[in-house]
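Follow the paragraphs below with the coordinates open.

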Amino acid sequence: SASVYFVLGLGTQKAGTTWLHRHLASMPQVDMGLIKEYRIWETRYLSYGHLTQPSLKNFLRRPQKEWLRWRMLRRPGVYEDYFRQLTGSGITHTGDITPDYSGLNAEHLSEIRERLINTGFQPKAVYLLRDPVDRCWSAARYYHQSLDPRRAKNYLATADNQGLSAEALLLKHVEDDRFQAHTRYESIVSAVESAFQPDEYFFAIYEELFTDSVQSELHAFLDLPLSANNTGVINASPEASISPELSASLRSRFATTYEFCYQRFPQTKDLWVPS
């Protein structure tokens, strides 16, 4: 029988995951379902996952999506069965691209892989990396845009963060579990390599994601044809430069991450140079 693929997007935030979701969803062989980020495994396993538990407000705002998420969280098998029923009739690919999955460990990923295989999927894990300083700064600017607690568009939209600059917001929260999970690439890369077979995972560097060679590799990995709509950065944060002092501080803070990536992904030595 023909292969049926499940694309598990593990992150990282501000490194091209929105582009990946929209690109896949635009292809006739792919059905990504109702929700952009399902957030099931983050909610089940991670300390900050309770932030995505369905609330009455969310149920009233988008009942179909929240009811689906509620059932996936509380009933074994609903997650896998939902995606399986999306396939067939020419649909060979589905998936869940949730950047907060970058906090999962090898044990979590092994369980997810087993569930997918037992449901008849070939798992395809994708992880996108970006210069740690640029990633953190982009995330801080993204969160800073929507700090109004009345809108509460993100987990940092709290009263005590009001009035902070983007740089101050970053300095205050760079050690949070969530920020760390998105930036300590050595943890998730090692977990992925431990949980999946070599032909089941794909790492790409954001700074070269939109080159012809990486696009070709990505599509070959996913067993999808190259298409004309492969380019274009989506969901970019507003342009603003980071101060040299903060940049240097962050590079020092994430020195072990840079060193790991220089060894594991040698091209990052040239791509991730201080600005």
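In this predicted model, helices H8 and H12 cross with a left-handed sense. H8 covers residues 166-173, and H12 covers residues 244-253. Two packed helices are described by the angle between their axes and the distance between the axes. For H8 and H12 the angle is about 20° and the axes lie 12 Å apart. Angles under 35 degrees count as roughly parallel, so H8 is roughly parallel to H12. On the H8 side, the contact is made by Glu167, Leu170 and Leu171. H12 contributes Leu246, Leu250 and Arg253 to the contact.

Which residues of H12 are buried? They are Leu246, Ser247, Leu250 and Arg251. Seen down the axis of H12, these buried residues fall within an arc of 135°, so they line one face of the helix. Pro244, Glu245 and Ser252 are on the other side of H12, where they are exposed.

The last stop is Arg178, in helix H9, which spans residues 177-183. Is Arg178 buried or exposed? Its relative accessible area is 7%. Buried means under 20%, so Arg178 counts as buried. The side chain of Arg178 is joined to that of Asp100 by a polar contact of 2.6 Å.

Notes: Residues numbered from 1 in each chain as written. Predicted model: local features only at pLDDT ≥ 70, side-chain atom pairs only at ≥ 80, totals over all residues. Heavy atoms only, no water. Buried < 20%, exposed > 50% of the residue type's maximum accessible area, 1.4 Å probe, protein only. Helix = DSSP H or I, 4+ residues; strand = E, 2+ residues; numbered from the N terminus. Arc of directions from axis to C-beta. Polar contact = N/O pair within 3.5 Å; in protein donor to acceptor, adjacent residues only side chain to side chain. Axes fitted to C-alpha atoms, helices over the stretch in contact; angles between N-to-C directions. Parallel < 35°, antiparallel > 145°, perpendicular 65-115°, else oblique. Left-handed = near helix turned anticlockwise from the far one by under 90°. Contact = heavy atoms within 4.5 Å.
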